[in-house]
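Visitor: I am new to this structure and would like a close look at one part, the place where the two chains meet. Please take me through it slowly.

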There are 2 protein chains.
Amino acid sequence: MPPKTAGDTTKERILDAAFDTLVEDGITGASARAIAAHGEFNQALIFYHFGSVRDLLIATLERSSQIQVERYRERIEGITDLGDMVHVAAALHAEDMERGSITMVAQLMAGAASDPEMGEAVVKAFQPWIDLVERALRQVFAGSPIEAFLPYPDMAYGISSLFLGLELLSKLDPDHEQEERIFSMMNMVSGMLENVIAGKPLLG
Amino acid sequence: MPPKTAGDTTKERILDAAFDTLVEDGITGASARAIAAHGEFNQALIFYHFGSVRDLLIATLERSSQIQVERYRERIEGITDLGDMVHVAAALHAEDMERGSITMVAQLMAGAASDPEMGEAVVKAFQPWIDLVERALRQVFAGSPIEAFLPYPDMAYGISSLFLGLELLSKLDPDHEQEERIFSMMNMVSGMLENVIAGKPLLG
DNA sequence: GTCTATACAACGATAGAC
DNA sequence: GTCTATCGTTGTATAGAC
């Protein structure tokens, strides 16, 4: 399920096919031939429209990241309660497991190990995700007594890493059973945190 | 820097070369030819000793995981203070960024997207890492008032994911500057947590 | 802009000499 | 057990017809 906007033009068909291939078969399976077969178009079109496979993958990453970050940003808008935010984060993570936008990022990150130019592109495309998390954190802790003491950028970097690893790991878990438990745990932690911030005892 | 035990036999030389190649060039760069060039031996030896490239990579994963988990387990032995544990975790993460054992796991996880058999092997090899984290958590919270209420397996799964993502992401950060800030943040959090557990106010 | 055909490199893997 | 040589496949990429 690619980030469908209007897969009308050929360029968009190619981008969608590249996205699907990347999510389903990973970076090692994302060859020009495989992508073309996936989208049922001619292999040569990739090189005509994007110059090289790598440039196509980078374009796919940039498009998908932009669309998805904007999408997720809308979803967290106005949420100021920590528990609610965890709830939304869980929902977004579950959706993303289906859609695959983070999976794609993880795959390209792995692929960037042998390709510095790709590495640069991935770093650049991932920054908006980190910024999104930072925005969520600031919303949630606004007005809290510890608001001014929190290292938001570092927290955002850490939480982004968590989701990245979670998605990489969850893909291997055939019956995504661990994920739900992760979020029920995060729920518990957020509850405890809210207690503590409010000056109440840890449990209760 | 592979997990050197005694790289004497040919099989071990091949395993070391596969490890190095995987860490330096990632899954997309880990071809039979590249591995052979890296270890300065004949390409055909890989197939004689391991049958296929994939089976070599799986053998590399299994060996490295066993050695490194045991190594790290020794390092966390006897640590019961949360702050100390964070300190050790930071040191181990820094070491691992040099050595690459988690990087290798992340790379094979990415590669497993197009290879279910590889996926199975990776899941199996990663479990000891999760168990290691769980052990660390139980040590640290033993005797604490919240000891009985913590979902250790879920926490271990989450923290393992965090390190996985952190290593994937940090590899792209040319001047590993973010990592240190992550751990100073974790230090802060562990300090706050210790306060709270002890019934003291959050900051202080 | 899209197709067929093809060049050429790198890949996994094997045969057979040593 | 290790080497050279090689086969067949798949990869990226291009030329040229349409």
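Guide: D154(B) forms a salt bridge with R181(A), and the closest N and O atoms of the two are 3.0 Å apart; a salt bridge here is a side-chain nitrogen of Lys or Arg within 4 Å of a carboxyl oxygen of Asp or Glu. The count between chain B and chain A is two such bridges. This is a predicted model, in which local features need pLDDT of at least 70 and side-chain atom pairs count only at pLDDT 80 or more, while totals for chains, interfaces and linings use all residues. Residues are numbered from 1 along each chain as its sequence is written, chains are lettered from A and ligands numbered from 1 in the order in which they are written, and side-chain values use heavy atoms, with hydrogens and water left out.

Across the interface of chain B and chain A there are also eight residue pairs in polar contact, both residues being at pLDDT 80 or more; the term stands for a pair of N or O atoms within 3.5 Å, where within protein one must be able to donate a hydrogen and the other to accept it, and residues adjacent in sequence count only if both atoms are side-chain atoms. On the side of chain B that touches chain A, the elements giving two or more residues are helix 1 (10-25), helix 6 (101-111), helix 7 (116-141), helix 8 and helix 9 of chain B, helices being DSSP runs (H or I, at least four residues) numbered from the N terminus. Helix 8 of chain B gives the most to this side, with 13 residues.

Taken as a whole, the interface brings 46 residues of chain B into contact with 46 residues of chain A, contact meaning heavy atoms within 4.5 Å. The two chains bury about 3900 Å² between them, 76% of it on carbon and sulfur atoms; buried area is the accessible area (1.4 Å probe) that two parts lose on being put together, summed over both. Y157(B), L169(B) and L172(B) supply 18% of the area that chain B buries against chain A, more than any other three residues.

Away from these totals, one further detail can be picked out in each chain. K11(A) lies over the face of F50(A), at 5.4 Å from the ring centre, where the rule asks for NZ of Lys or CZ of Arg within 6 Å of the ring centre and within 35 degrees of the ring normal. In chain B, K11(B) lies over the face of F50(B), at 5.4 Å from the ring centre.
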